[in-house]
Amino acid sequence: MMESETFDIPEIIPLLPVRDMVMYPSVILPLFVGRDMSINAVEKSLSKDRLILVAAQKDLTDEDPLPERIYSVGVVSQIMRMLRLPDGRVKVLIQGLKKATVKEYVQETPTFLVRIEPIEEPIITEITLEIEALMRYVKEEMEKVVSMGRMVPPDILMVLDTIDEPGKLADIAAANLGIAVDKAQEILEIIDPILRLRKLSEILGKEIELLNMQAKILSQAKDEMTKSQRDYFLREQMKAIKNELGESDERTEEIEDLQKRIKKAKMPKDVEKEAKKQLDRLDMMHPDAMESSMIRTYVEWLVELPWSISTKDNIDIKPAKKVLDEDHYDLEKVKERILEFLSVLKLKGEIKGPILCFVGPPGVGKTSLGKSIARAVGRKFTRISLGGVRDEAEIRGHRRTYVGSMPGRIIQSIKQAGANNPVFMMDEIDKLGNDFRGDPASALLEVLDPEQNNSFSDHYLNLPFDLSKVMFITTANRIDTIPSALKDRMEVIHIAGYTEKEKLVIAKKYLIPKQLNENGLKEKNLAFADHGISKIILDYTREAGLRSLERKIAAIGRKAARKIAEGDKRKIVVTTKNLHTFLGPSKYLPESDSELDSIGVVSGLAWTEFGGDVLYIEASCRKGKKDLTLTGNMGDVMKESVQAALTYIKSKAEALGINEDIFDTLEMHVHTPQGAIPKDGPSAGITMAVAMISAITKRHVNRKIAMTGEITLTGRVLPIGGLKEKTLAALRARMETIILPDENMSELVEIPGYVKKKIKFVPVKNMDEVVKAIFGEK
C-alpha cells in the first residue's frame, strides 16, 4: 500500500461516477469506462496528477447521472494504467487512496469537476482483545463465504490474513464480498474503523444465512433438475458475467434474430406455434449440443419458406399470348390451355393451379415451354429432373431423426423459387424408378392431386405446406411407363414432332438468330437460304424434335466464325450447293428414294419415344419344311402379330389366289431391318400381313404407300396410337399414301392442312380393304 500522505490531494479534482460497485481505499480494481463524460474525466486526470475521485451513482440504469444522483462520499484514487479498446471504451487500473466528501460541483460538462474535503479516520493505536476477536471473526466468516461458493478472488483470504489494521481489513473484505451498492456505500461512509468492522460482521452473518438457505434449496431441487436446466442456469450466469464485462452474446443475438424472422415470415398459426416451440428448445439447449444445430437448421428452414409470399399473376390475355407466340412456334393446343387458365383466373380471382403433363419426343420444346409459361403468367420458375429417382425421400424428405436429414426436392425448390405459386416443372416423370427405399411415383400422388396438395406434409418439416397455388408441369417421352394412378391426376397434352415446314420456320425465327449470337456472328456474316435449311432438315437430321438441327446450324456457325477470324470477311450464304462443305456428305437418304418397288418389302409406320419412324418389313418364302422364322429383334407382341397375320392369310387363301397346299411346305421368313434396335407393338400387324402376301403371291408393293394398324385373326383392323407422329415420319420419308384404321380418322383434325394435301389417307376396317388398296380389285 502507498501512503496517502505522500500525495498532495488537490482541492478540485475530476469525478468518475461508477455503476454497480463501490471503491474503497487500499483496493486496486480494473474499470471499463465507456461514457463520454467518464472518458473525459480520465483524460483530465491523466493530463495532471493522475488523481480522480471515484464515487458510486445511486441508479444503475442512469446513463447521464445528475449530481444529486451520485453519492457524496467517494475515494480519491490514482490511475495506474490506461488502455484504449477497439470499441471506443477505455480500460483503467486504479488504486484507492483516501476517502473524501464532495462539497461542491465546480463543473458539470464536459465532465464533472468537484471541490472535495478529505476524510481523516481515527488512528487505532492499540489492538484490544475485542478488536482482535472482531477481526478474527470477520476473517473466519470470509472463509465460510468462500467455501460456500461465493465468487471471490482466490487469493483474497491470504491477503486478509496479512492485514492487522481494522479499517483496512473492513475495506478490503467489503470490496471483495460483492454486496449490494447501497450496503457497500453504507460501510464506506462509516468513518470509525471499529464501527465499520462491526457493520461488516453483521452483513457477513446475513450473507452466510442466505448462502445456507440457498444451498438447502439447491440440494432439495438437485434431484429434479435436468442437465438442460443446469446448463440453462449456468448460461444465464455466464450471460450476466459477459454483460458485466461488456462482451456481446452472439447466441442471444441469434435467438432474437430468429424470433424477428418468425414474425416476419407470416406463417400459419400451427406452423408459427411449432417454430416458437423449437426456438424455445434451442434457447434452453447448450450451443455445443449435437441437437442444437439440427433444431437451428430446422427453424431456419421454417422461416425461409415462402408461406405467405406469392407473385402477382399477369392475367392480361393478349400480352400473355404474345409472350407464348414469341418463344414457341405452333403448339397451339398448349398455348390454348394456358390462356384458358388465365381467363378463368381473371374471371374468378382465384383458382387451383393446373397439373399438366407434356408428352412428346425429345427436342420438341417441353422444358423451354415451361419457362415460357412462367414468363407469360408472370410467375417464378423452378425445375427438377425425376429421371432415375428411386428414393421416396427425394420427394418427401428425410425424417429429422436421421443425421444430415433435409427436406425433399419439392420443398427445396419452393424455397429456391421464393414464392408459393411458381411454375414447377418436373422433367422425365416417365423415368421414375423404385426399390427398397420406396416408390417416388406413389409419393408424387399427393403432390399432384389438387384435392390433397393444399396440405402437403414433408417428412422433414412434419407440417402442412399449401401447394395448391403451384402450377405443376410434368414432361415425359412416353405415357405408358407412368403409373395409371399418377397419370389419372394429370392433364395429358401430347406434343408431336415438327414437320419440315414447321422446322424451317423455327430455324429461321429462333435457331439461326440464337446460334449467330452464341458464335459472335451477325446477319452480314452468315445467312441461310430456305432450300439450304430444308436440305439440312431432310438429309442431315432425322428426328421429331430440333436438337440435331440446332447442332448442325451451330456447326455451320463455328466454321463461319473460324473463316472470319482468319481474315475472310466475305458474307457466307448456306445453300444446297455448298452445304456439303460445312457438314460433309448427306447422312440420311430416304429409303423410298433409294430403292424401287420390291416383292415382300412393305413400308410400315412405328412410334418410338423419339417420335414416329418408318419401319420396313421384309418377308421371304420358299418351298421347304413347314417353318416360320422371325428375325430383327422383334418383341413378343410383334411376333404374335406375325402369327395372327399368317393365320388370316391361311383362312383367306382362296380369296387371295393362294393354293392352300403350299402351306404344308412353306418356309416363311419375316425380318425387320436394323436388328440391333428392339422393336415391339401391335401396330405393324397389317404391314406383316401385306409383306407375307406379297412374298407368297410374288406381287410388288408400292414403296410410297405406308401403313399402320393392328390385325386380328378374322382380319379386322384395330386402331393404333401416335398417328400424328407416324404421319410426320411418313412425310419425312416422302410417302404419298398412308393406310390407317378407320377408327383413327377422327384424329386427322390434328394433322396440319398442308400435310393432308401432300399425303393421301386411306381408311380401312379389315384386311380385305387393305389388300384391295395395295393389290387392286383382283
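Salt bridges, defined as a side-chain nitrogen of Lys or Arg within 4 Å of a carboxyl oxygen of Asp or Glu, number 43 in this predicted model. Local features need pLDDT of at least 70 and side-chain atom pairs count only at pLDDT 80 or more, whereas totals for chains, interfaces and linings use all residues. Residues are numbered from 1 along each chain as its sequence is written, and side-chain values use heavy atoms, with hydrogens and water left out.

One of the salt bridges pairs D171 with R196, with the closest N and O atoms 3.0 Å apart. D171 lies in helix α4 (residues 166–177) and R196 in helix α6 (residues 193–221), so this contact ties together parts that are 25 residues apart in sequence; helices are DSSP runs of H or I with at least four residues, numbered from the N terminus. D171 is buried at 4% relative accessibility, and R196 is buried at 0% (buried, under 20% relative accessible area; exposed, over 50%; partly exposed, in between; 1.4 Å probe, protein chains only).

E272 is partly exposed at 23%, as is K276 at 44%.

R375 and E326 form a salt bridge with a closest N and O separation of 3.6 Å. This pair links distant parts of the chain, R375 in helix α13 (residues 366–377) and E326 in helix α11 (residues 317–327), 49 residues apart. Relative accessibility is 45% for R375 and 41% for E326, and both count as partly exposed. Through shared partners, salt bridges also join K99, E121, D171 and R196 into one network.

Conventions. Helices (H or I, at least four residues) and strands (E, at least two) are DSSP runs, numbered from the N terminus.
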